[in-house]
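Here are a few friendly notes to read alongside the model. Please keep the structure open and look up each residue as you go.

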Amino acid sequence: MRTSSPSLSPRRVLALLILLHLAVVSLYVAEVIPQQFNPPDHLFWFHNGGDNADYFRMAVNITRGQFEAIKYPIGFPLTLLPFIAIFQPRVQEDILQPVSAFWALVMFPVGQLLLYRLALLLTGRPSVGLWAVFLWTILPLPLHLALLVLTSPVIAETSSVHLIWAQMLSDGPATLLTILAFVLYCEWRARARTGGRSFRWALALGVALGALVLVRYPGALSGAVVVLLLLAERRWRALLTVGAAAALVLLPQLVYNLAAFGDPFTTGYTALDVLPPYGLFSLRYLTDAAGALGPTLIPVGIGAALAGAAFALGTAALWRWQRLAAILTTLWIGGIVALYSLYYYSWNGGMFRFLMPMYPAAALVGAALVVSLASRRAPAPQEPPAAVL
């Protein structure tokens, strides 16, 4: 994606990519891509899985000062409080569409800008950032098509529609906070390595990581990546700052767990749910899923092999440009894939939405591959300055 011409500056291309996202959203809203779960006369009413009802109930309880043990963490219900204050809903359906539209039309573009910024911080190459944003933005369409061929229209719809963030669910916020956390880490690192003032960036990073876990417990994987990187660089003061800020943000959840379940580290997922036969996580779920693929095992295996090869080549390109980029994206992707490969509910239809915080990293690796291959075919054009935004 060349940006040497003034008419194709990164700013202009990013604006076009935001418009591309809005066009993808419109395909779902206008039901150009058929929707089984979109009632008539509702523009932003897509598959929610039922979680939204509990999120809403928890948020209403917070506004009323009431307490009820619910299995979900409190982070996403807290994001609903402004919508409750503005719309004064009686039932969750009254704010489902405004919340969905806000995340799809406002916050996803924010995520696009953050992903571009992250790519710049990691590689210094605007072209990599633009390709990453493009690949991430367009992902719902090829995913829908692939699942339509391999599975069924319902699975294709419910798996791809979440990628535009048009639900009253935690998927979008968790993805956004994941990107934000790694942007803040890179901003902190850039200043720390040059002797600049980095304390406020470490503080902001801790807050972002705490909020991420508050929204979705597996967000702790991103915190683990940051901790490993800080340990590798022996940044003890930053590690203390990040940990203290994250713990402070998480304190309300620990108090809630203590009041609801008698232990700050016991969650509603284990205390209130009927657990699957082998627990929430087991290698058995992965092996059972592989056995259930049947005739689709070969094309899925081929696709996985091609994806693995593309990942290896893209990561190699990142390693040549900036080793941190290769290490960070490998830890980012590897942790999430490993976790959800062993998670029971992944194989009951939730895999693709659970993996959503991983997709920006996968797009970044894919962008590195594209730019690397393009540079081998022809002399690379002069990149504009990395600080263009």
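1. Let's start inside: Phe 108 and Trp 165 are both buried (buried means under 20% relative accessible area, exposed over 50%, partly exposed in between, with a 1.4 Å probe and protein chains only). The model is predicted, so local features need pLDDT of at least 70 and side-chain atom pairs pLDDT 80 or more, while totals for chains, interfaces and linings use all residues. Residues are numbered from 1 along each chain as its sequence is written, and side-chain values use heavy atoms, leaving out hydrogens and water.

2. Now look at rings. Rings of Phe, Tyr and Trp (its six-membered ring) pair if their centres lie within 6.5 Å; planes under 30 degrees apart count as stacked, over 60 as edge-to-face and the rest as tilted. The count by this rule is 24 aromatic pairs. In one of them, Phe 108 and Trp 165 sit edge-to-face, 4.9 Å centre to centre with 70° between the planes.

3. Why is the pair of Tyr 340 and Tyr 343 edge-to-face? Their planes are at 65° and the ring centres 5.7 Å apart, so the pair gets that label. Tyr 340 is buried, with a relative accessible area of 5%, and Tyr 343 is buried at 12%. Ring pairs also link these two into a cluster whose members include Tyr 278, Phe 281 and Phe 354.

4. Leaving aside neighbours within four places in sequence, Leu 364 is in contact (heavy atoms within 4.5 Å) with residues including Leu 115, Val 128 and Leu 318.
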